Amino acid sequence: MSTCGGTESYMPTKLVRTFHDLPRFNRHLKSVPATFDLSWDYAEGAVSLPAVLIAFGVLLLLIAVVYLCCCACKSGPTLQERYTTGKSPGCGCFPLFFFALLCCGTAALAFFGNQYMRSGVTGVSGTIQLVNTTVVAAKSNIDGITENLKNVTIELTQLEAVWRTADLPSESTRTYLLQTTEQTRQETQNAEEQSEQISDKIKKFYNVMPIKQDLDKYDKYRWEGTIGMMCLISLVTVIAWSGICCKSPCMLRMMVLLALVALLIGWIVSAVFMIFTVVGSDLCFAPNKFISSHLNSTDYFETTEYVIYCGDCPNPFQATYDQANNYLYNASVRVVELHFAAKNFSVPQAEVIAERMDVSLKKTGTDLHSLGSQQINCTVLNGIYMDFLSSTCGKVMDGSAFTFAGGSACGLLMFFVILASQRHWTRLLYSDELEEDTETSQLLPPRQRRSNNNSRVFSEPAMPMPQRNASMAGNPDEAGSTETLGADSHVQSEKGEKRGQAKAKVAWA
């Protein structure tokens, strides 16, 4: 309720009420009221929920980093175990593809919210521009009224000089005309003073354009920053899909580094927009009450309440406007009387001056009526104010909420993208090494396959020990060459086993 008994003509949206009902806590974990205020306690409560989001995002980042470090330090299975089981770690490319696709969807949601918020800011800028146009038109109208009244005052001075030298029937007639001229001058000056008082009340709202310029500048920075975040997320998803299609572990590793950055940025952006949404919802829950309470001791109070509550509050311009209108009417009546006297007493010079004054006063009356019915009328001004609330508490708040939801979802999905990509590049490394070992086993003879692959299974049957000894006894050269081949095979077998284990560790890393 207003102090002048006005009723609320604005109702908050469901989204505003939802964020307004969220609990708030200060640093002592005590509940803080959700009423918008400029105090430190309210600021702590408004930042409490975004601080939880930031902490959660940092926790996910630490978990992802620890997971990557653990996977890098973990030793993989030997080549023999891989050949025996025929399996390799990793769960395929589907999870990575799926989470990357979801990231694109959340980025699209954030993009929609960003554009919707920008349209709301454009609407706010439009209402500020409309306020400036209305104020400038009122100022121009008042300046025109004041200028016309000053010209009438100058004309009255000239008319007074004409009456003093004119050939009139009697001195009493001259005295009457001089008094009437002086009264007309007084009425004109009073009307001019009342017009200047209206101008002084409107002058407080002259400097609204700097607000629009600052709003446009900060909105440009906000829009560019949000677009940059979405471009980073899109780049991560493109690299992820490229790594899947090209089967490139290097691309997936680079994607993980970018995903770590995108995870942190996503939660930061989410927290920033949550602060804006929470504070905006508290302000938009009862904007009229907040404006009235904070402008109660200022010169803007009466005018602002008149604009907010329109017909329920008195018009602060009405008394001044009525007085100016009355003074102008009285001056016009006296000018008509002076014009009749100049025509009746055959004073052409006075007649011309009176005609000019009559035209100026009629134009002044038209301008004053336009000022009262349009520029300082609450119907027009309240319509501008309601458009301002519709853009600020409607589109801007909805866009901020959508961007907040998109940023939170992107930050969460990036965590799963990192996990899925690490498993998938491990699978790709094992698959490449299994193919290499398979090709080598098909090209090399059996004994060299044993030395390279560390396998205990040979493609040719093993010779029984008695027959092998007899063969060696009958042929000493063959025995010597066999012993040499056995020693070389044993050395190569050890080297192959070490090389295989080293490759396995690299694959797991």
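Where is Ser 346 found? Ser 346 sits in the loop between α10 (318-344) and α11 (348-375). The model is predicted. Its chain has 15 helices and zero strands, and 41% of the 509 residues are buried. Among contacts in the chain with a separation of 6 or more, 83% join residues 24 or more positions apart.

- Ser 346 has a phi near 55°, a positive value in a residue other than glycine.
- The relative accessible area of Ser 346 is 60%; exposed means over 50%, so Ser 346 is exposed.

**Helices α4 and α11**

- The crossing in which α4 passes α11 is left-handed.
- In the contact of α4 with α11, 16 residues are nonpolar, nine are polar and four are charged.

**Phe 19 in helix α1**

- Phe 19 belongs to helix α1 (residues 14-20).
- Buried means under 20% relative accessible area; Phe 19 has 10% relative accessibility and so counts as buried.
- With neighbours within four places in sequence left aside, Phe 19 is in contact with Arg 24, Thr 277, Val 278, Ser 281, Ala 401 and Phe 404.
- Between Phe 19 and Met 274 the C-alpha to C-alpha distance is 9.2 Å, while 255 residues separate Phe 19 from Met 274 in sequence.

**Ser 48 in helix α2**

- Ser 48 lies in helix α2 (residues 40-73).
- The relative accessibility of Ser 48 is 15%, so Ser 48 counts as buried by the cut-off of under 20%.
- Once neighbours within four places in sequence are set aside, Ser 48 is in contact with Arg 24 and Phe 25.
- At 3.4 Å, the side chain of Ser 48 reaches the backbone nitrogen of Phe 25.
- Arg 24 is in contact with Ser 48, and Arg 24 is also in contact with Phe 19.

Terms used
Residues are numbered from 1 along each chain as its sequence is written. This is a predicted model: local features need pLDDT of at least 70, side-chain atom pairs count only at pLDDT 80 or more; totals for chains, interfaces and linings use all residues. Side-chain values use heavy atoms; hydrogens and water are left out. Helices (H or I, at least four residues) and strands (E, at least two) are DSSP runs, numbered from the N terminus. Buried means under 20% relative accessible area, exposed over 50%, partly exposed in between (1.4 Å probe, protein chains only). A polar contact is a pair of N or O atoms within 3.5 Å; within protein, one must be able to donate a hydrogen and the other to accept it, and residues adjacent in sequence count only if both atoms are side-chain atoms. Contact means heavy atoms within 4.5 Å. A crossing is left-handed if the near helix is turned anticlockwise from the far one by less than a right angle, and right-handed if clockwise. Ala, Val, Leu, Ile, Met, Phe, Trp, Tyr, Cys and Pro count as nonpolar, Asp, Glu, Lys and Arg as charged, and the others, Gly among them, as polar.
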